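Here are my notes on this one, in numbered points. Have the coordinates open while you go through them.

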2 protein chains.
Amino acid sequence: MNLVFRAIYESGQTSRIEIARHTHLTRTTVSDMVAELIESGLVEEIGTSVSNGGKPSILLQMVADSRYLIGLNLAQDKFIGAVINLRGEIKQVYEVPSENQDGELALQRVYELLDRLVYSQWKPLIGIGIGTPGLVNARNGVVIQAVNLAWKNLPLARLIRERFSLPVSVLNDSQATAIGEFVYGGHSSEGNMVVVNVRHGVGAGILINGRLFQGDGSGAGEIGHVVVEENGLLCRCGKRGCLETLTSLSAVVRRSGLPDLDHVEEAFCTGDPHIRQIIQDAGAHLGSALAYLVGILNIHEIILTGEMTRFGEPWLNAVQQAMQRSAFHLLAQNTHLRMGNLDYQACILGASSFMLLDGYSLLFLNER
Amino acid sequence: MNLVFRAIYESGQTSRIEIARHTHLTRTTVSDMVAELIESGLVEEIGTSVSNGGKPSILLQMVADSRYLIGLNLAQDKFIGAVINLRGEIKQVYEVPSENQDGELALQRVYELLDRLVYSQWKPLIGIGIGTPGLVNARNGVVIQAVNLAWKNLPLARLIRERFSLPVSVLNDSQATAIGEFVYGGHSSEGNMVVVNVRHGVGAGILINGRLFQGDGSGAGEIGHVVVEENGLLCRCGKRGCLETLTSLSAVVRRSGLPDLDHVEEAFCTGDPHIRQIIQDAGAHLGSALAYLVGILNIHEIILTGEMTRFGEPWLNAVQQAMQRSAFHLLAQNTHLRMGNLDYQACILGASSFMLLDGYSLLFLNER
């Protein structure tokens, strides 16, 4: 069933004949499945197409508000969640504070957030997608390690599934952000894209042929803990000189000597040369690392997201210049660096899309 | 047609029913196509399978010697070519000297090599696959730049196709080597693998879900020209401090002060501590770079190939230790570094496999 729904979902508008051609299913099978989808309210007929020569065929489209999803972003300074329809339109957003909350406390906060979302007016709900910091086993939804939240081998998907009786998928927040920017960010792409997310950590999400690539251990894109400076600063992972000790938000705040990001941003905006230099240095370290990304993947579209993008063109230029300087020029000359468009919503939208398209084929089950 | 042949090719032995299930084609269509394949000699029936319950079905397999391919490796100190059957068995190998040959001269040498292979006893030939150093546009077979051969925007595929009237595919030698090791190297893999090839240059080939990933510009894996040492030695690409200036064969020979690789190897084998240190340093630089590969792809199987593997365990251990030191430990702990098994043949086998499976569906055309 999912195959036919997916064909309709992905095409926007299509006909039964097109679906049969696309899925290699027989027309009879497609017709039966479409009838079921219409019956369940997921799909509707919206008129006829005028094709050249052949007889006109009835167009089908998904009913965007026939089902709802929940997406969570646990990688901000607070936990943010939203109810989303099948077209990625955000219906409602809630947030709960998460500062200084970790371990069991942080988990309780996630439950609180979900209580509000799950018992809201938006029904039927078909699943929950979660973007969390840290390394995740995407197959079973276990958070292997999330240092900031002090989670280790936490079976997050199972706990939430049991509590809310909904399908749940969990993935790394940078990977979720990448899906969100890819699907809803309005970037041009032929199917491949890398999204590099720079906040307190540095992580990337990689899309290959329109699908998230997670590698063998779900950790593809985890570039923040590559050692780039021997005997550098101590990183929260326990090593010294990791990429994130030089390029992240925390690195910038620490080097500035100022109390927080807002102060850094203020000084930056007034043109403080010391702060400008710090931002440029952070960008340059990132750009040098991106040279490997260019060489390894040769993906032409690289999108930058996360709070470091607040520093705008000066930061982007520093990243760009260092990348061009350090990368193989025949590859770098065709590589485009751009800013993301969706801010924290990318993670929410991506986590819920992943739930819908890759995580489960339980679309018609577990509704509430 | 290719779909059915491919199903038979990939399965070893299979039945018409299995093929229908696998390809989503109807049984009638499959039967018709199989009949044509048998007619053309590509496929044969080899008895019946005893299934549990159902009626026995006739097993099919590809006839390995029904067609032949040519594979070329242009990345050694000489040009090497071979005639190969459909199972990757090498029937004949020829080589021509290529030292001090570049530009038009090098191309003439390629023609010479192909003359011998194309007009040999092995017929019918269905195509030529070429692994060449340098950056290649795999879509049109143009060698964008191959510094050692002084080729720039050379339409190699077109030239050879016109001369020999056979389908031709061209790809980077490290990418070809990766395919060869993946298909014929006897490594365990669930479909993802990275092969890092270290000779005068350093390049990688990346397999994702059993297919070569080439990126948007066919250059995926071109890691040799990432700058790792600011103001380092001048590289043949024109920049300073590229990875290959620190890790390649040429780097090792230069640092040793000895005339060539054979002398370095001799000194290494006698335990010369200076030479041992040079080899270990080269391995350590490679290992640090591999930390990015681990973080970006999180692919568990990394295979090392190329002449640097001559230095065996001491070199491998240096690569391994530096990789573990520089990579995110949660990813690196599950990453296995191994040596390749096929030497220069990997490139030949990979280039011809690529020709067969990815490059063209002209399997039944252009035969001679």
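Predicted model: local features only at pLDDT ≥ 70, side-chain atom pairs only at ≥ 80, totals over all residues.

1. Phe5(B) and Tyr9(B) make a tilted aromatic pair, with 6.3 Å from centre to centre and 45 degrees between the planes. Both belong to helix H1 (residues 2–11) of chain B, and because they are four residues apart there, about one helical turn separates them.

2. How many aromatic pairs does a search of the whole structure find? Over all chains, the count is eight. Take Tyr119(A) and Phe164(A): the ring centres are 6.5 Å apart and the planes meet at 45 degrees, so this pair is tilted. Tyr119(A) sits in the loop between helix H4 (103–118) and strand S7 (125–132) of chain A, while Phe164(A) is in helix H5 (residues 156–164) of chain A, so the pair ties together parts that are 45 residues apart in sequence. Phe164(A) has a relative accessible area of 1%, so it is buried.

3. If you care about charges over rings, chain B has a couple to look at. Arg163(B) lies over the face of Tyr111(B), 4.0 Å from the ring centre. Arg276(B) lies over the face of Phe268(B), at 4.4 Å from the ring centre.

4. Now the two chains together. Chain B goes onto chain A with an RMSD of 0.1 Å, using a turn of 180 degrees and a shift of 0.0 Å along the axis. The copies are therefore related as by a two-fold rotation axis. Both copies use the same surface, since 100% of the contact residues of chain B recur in chain A.

5. What does the interface amount to? On the contact side, 44 residues of chain B meet 44 residues of chain A. The area buried between the chains is about 3,700 Å², and carbon and sulfur atoms give 62% of it. Asp216(B), Tyr292(B) and Ile296(B) supply 21% of the area that chain B buries against chain A, which is more than any other three residues do.

6. Strand S5 (residues 78–85) of chain B is worth a stop: it's mostly covered, with seven of its eight residues buried. S5(B) pairs with strand S4 (residues 68–73) of chain B in the antiparallel sense, over six bridges. One of the bridged pairs is Gly71(B) with Ala82(B), the latter in S5(B).

7. Ile84(B) stands opposite Ile90(B), which is in S6(B). The hairpin of S5(B) and S6(B) has four residues between the strands, and in this hairpin Gly88(B) takes a positive phi near 80 degrees.

8. Chain B also has an open sheet of three strands, in the order S1-S3-S2, with antiparallel pairing. Strand S1 (14–15) and strand S2 (43–49) of chain B stand at the edges with a single partner strand each, so one side of each has no neighbour in the sheet. S2(B) is joined to strand S3 (residues 57–62) of chain B by five bridges, and the two run antiparallel. Thr48(B) has Ile58(B) in S3(B) as its bridge partner.

9. Is Thr132(B) buried or exposed? Its relative accessibility is 0%, so Thr132(B) counts as buried. This residue lies in strand S7 (residues 125–132) of chain B. Leaving aside residues up to four places away in sequence, Thr132(B) touches, among others, Leu74(B), Val143(B), Trp151(B) and Asp173(B).

10. For contrast, go to Asn140(B), in the loop between strand S8 (135–137) and strand S9 (142–146) of chain B. With a relative accessible area of 40%, Asn140(B) is partly exposed. Its C-alpha atom is separated by 35 Å from that of Arg16(B), 124 residues away along the chain.

How values were computed. Residues numbered from 1 in each chain as written. Chains lettered and ligands numbered in written order. Heavy atoms only, no water. Least-squares fit on C-alpha atoms with pLDDT ≥ 70 in both. Contact = heavy atoms within 4.5 Å. Phe/Tyr/Trp six-rings, centres within 6.5 Å; stacked < 30°, edge-to-face > 60°. Buried < 20%, exposed > 50% of the residue type's maximum accessible area, 1.4 Å probe, protein only. Lys NZ or Arg CZ within 6 Å of the ring centre and 35° of its normal. Pairing = 2+ DSSP bridges. Buried area = accessible area lost by both parts, 1.4 Å probe.
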